[in-house]
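Subject: Structure handover

Hello,

Here is the structure I promised to pass on. Please open it first, then read my notes below alongside it.

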Amino acid sequence: MDTLLRVKNLTKVFKVKRGLFRKKPFYALRNVSLEVRKGEILGVVGESGSGKTTLGKVILRLERPTSGEVTFEGRDIFSMGKEYTRMVSVVFQDPRNSLNPRMKVKEIVEEPLLVHGERNRRERVIQAIRRVMLEPELAERKPDDLSGGQRQRVAIARAIVLRPKLIVADEPTASLDVSVQWEILKLFMSLKEEGIAFIFITHDIRVIEKIADRVTVIYGGMVMELGPKGEVLREPLHPYTRFLLSNVPVKHPRERRGTEFEEVEYEIPEEGCPFAPRCPDYREECSFRVRRSEVNGRVVYCNLY
Ligand SMILES: Nc1ncnc2c1ncn2[C@@H]1O[C@H](COP(=O)(O)OP(=O)(O)OP(=O)(O)O)[C@@H](O)[C@H]1O
Ligand SMILES: [Mg+2]
């Protein structure tokens with residue numbers, strides 16, 4: 001199996017303020033290990049605050065890891081130059097924030113080509129715009145004059161214009177109407193058919209079901225379970241995966257209004273399994289250690305196995 005990107009024992013600690021002078025370490029990611037294979041869609045799923053965006057940001061070099069490593073085709077990404085951004089691009093959740101409202105669509109899509117000093121920019125911009133199924137006339141418009149779905153297509157055109165090998169997509173459909181979501185997911189799948197790999201971050205396990213090849217379930221900054229999508233969804237091993245499958249979310253937490261979806265806040269313990277306080281299968285050792293096992297080609301971090 002051809003590994004494109006490998007994350008090994010990645011830990012990210014933020015210092016968060018506690019009181020006037022005290023700062024407390026907060027573990028946003030703990031010992032995360034995973035790999036993305038050439039041309040696959042690796043789904044990353046977990047509730048709000050589980051560390052998905054932080055993981056994406058480290059892979060995009062927008063955050064430095066506290067410890068651990070990330071390699072791309074065997075090379076440490078933090079010692080690579082601009083060639084890394086040629087091979088790895090991003091699509092964020094909300095194109096209203098990620099697209100410059102003062103730029104025309106064609107300028108937005110052209111930008112990566114300019115940064116990398118590419119030639120034939122006009123043709124390549126048109127090609128990318130066509131590829132994401134946008135009307136070429138829209139190239140002259142600005143993001144505010146587009147629909148949400150069209151805006152996200154612009155963001156995707158920008159992400160593919162350099163022909164990357166990997167795209168990190170962080171909740172790329174969460175801001176869209178359900179009817180548009182499916183169209184955008186189909187576009188991602190057709191890009192995968194052309195050989196682009198994806199890290200597809202979502203809180204919505206139904207999206208994973210539709211498009212991922214393999215899935216990483218994370219909670220409290222830790223991988224709970226990782227394996228082929230079909231097996232993980234059909235026969236979840238980790239109690240947290242079972243919990244996710246029985247609580248299919250209604251909306252992205254940030255868009256929830258009122259109190260009807262309010263969740264109980266659980267303090268994530270600093271040691272042991274982060275899911276321990278909520279786990280129906282809790283046992284004493286879970287509060288101080290987590291066992292890693294491989295079960296039929298799946299990795300599971302749980303003391304049940
Ligand atoms: N710069 C930062 N400083 C301090 N804490 C941070 C910082 N960035 C993220 N965190 C914390 O790290 C945890 C993980 O955040 P992250 O954004 O990665 O979660 P997420 O899984 O993407 O959640 P969501 O589904 O809401 O997008 C959260 O508790 C968050 O408050
Ligand atoms: Mg996030």
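This is a predicted model: local features need pLDDT of at least 70, side-chain atom pairs count only at pLDDT 80 or more; totals for chains, interfaces and linings use all residues.

Which residues of α5 are buried? In this helix, residues 121–131, they are Val125, Ala128 and Ile129. They span an arc of only 100° around the axis, which puts them on the same side of α5. Look at the other side of the helix and you find Glu123 and Arg130, both exposed. Just after α5 comes Met133, with a positive phi of about 60°.

Now turn to α4. Its buried residues are Val105, Lys106, Ile108, Val109, Glu110 and Pro112. Two charged residues are on that list, Lys106 and Glu110. The buried residues of α4 pack against α5 and α6. Just after α4, Gly117 takes a positive phi of about 60°.

Next, α1 (52–59). Seven of its eight residues are buried, so α1 is largely enclosed by the rest of the structure. The buried ones are Lys52, Thr53, Thr54, Leu55, Gly56, Val58 and Ile59. Just after this helix, Arg61 has a positive phi of about 65°.

Helix α1 also matters for reading the ligand site. Which element gives the most to the shell around ligand 1? It is α1, with three residues. Strands β1 (3–18) and β2 (22–37) each supply at least two residues of that shell, as does α1. There are 14 residues around ligand 1, and Phe14, Ser48, Lys52, Thr53 and Thr54 come nearest. Three of these names, Lys52, Thr53 and Thr54, are also among the buried residues of α1.

Four strands form an open sheet, in the order β2-β1-β4-β5, and their pairing is antiparallel. Strands β2 and β5 (75–76) stand at the edges, each with a single partner strand, so one side of each is left without a neighbour in the sheet. Strand β4 covers residues 67–72 and is joined to β5 by two bridges. These two strands run antiparallel. One residue pair to find here is Phe72 and its bridge partner in β5, Arg75.

Two further residues deserve a look for their backbone.

- Glu171 has a positive phi of about 50° although it is not a glycine. Its place is in the loop between β7 (166–170) and α7 (178–193). Is Glu171 buried or exposed? With 21 other C-beta atoms within 10 Å, Glu171 is buried.
- Asn296 has a positive phi of about 45°, and it is not a glycine either. Its place is in the loop between β11 (292–295) and β12 (298–301). Asn296 is exposed, with 10 other C-beta atoms within 10 Å.

Arg278 is partly exposed, with 16 other C-beta atoms within 10 Å. Arg278 and Ser79 are 199 residues apart in sequence. In space they are 40 Å apart, C-alpha to C-alpha.

Last, the chain as a whole. How many helices and strands does it have? The protein chain has 10 helices and 12 strands. Its radius of gyration is 20 Å, close to the 19 Å that the globule rule gives for 305 residues, so the chain is as compact as a globular protein of that length. The C-alpha atoms fill a box of roughly 60 × 50 × 45 Å, taken along the principal axes. Buried residues make up 40% of the 305 residues. Among contacts with a separation of 6 or more, 65% are between residues 24 or more positions apart.

Best wishes

How values were computed
Residues are numbered from 1 along each chain as its sequence is written. Chains are lettered from A and ligands numbered from 1 in the order in which they are written. A residue is buried if 20 or more other C-beta atoms lie within 10 Å of its own, exposed if 12 or fewer, and partly exposed in between; C-beta atoms are placed from the backbone. The arc is that of the directions from the helix axis to the C-beta atoms. A residue is near a molecule or strand if its C-beta atom, placed from the backbone, lies within 6 Å of it. Two strands pair if DSSP finds at least two bridges between them. Two residues are in contact if their C-beta atoms, placed from the backbone, lie within 7 Å. The radius of gyration is taken over C-alpha atoms; the globule rule is 2.2 Å times the number of residues to the power 0.38.
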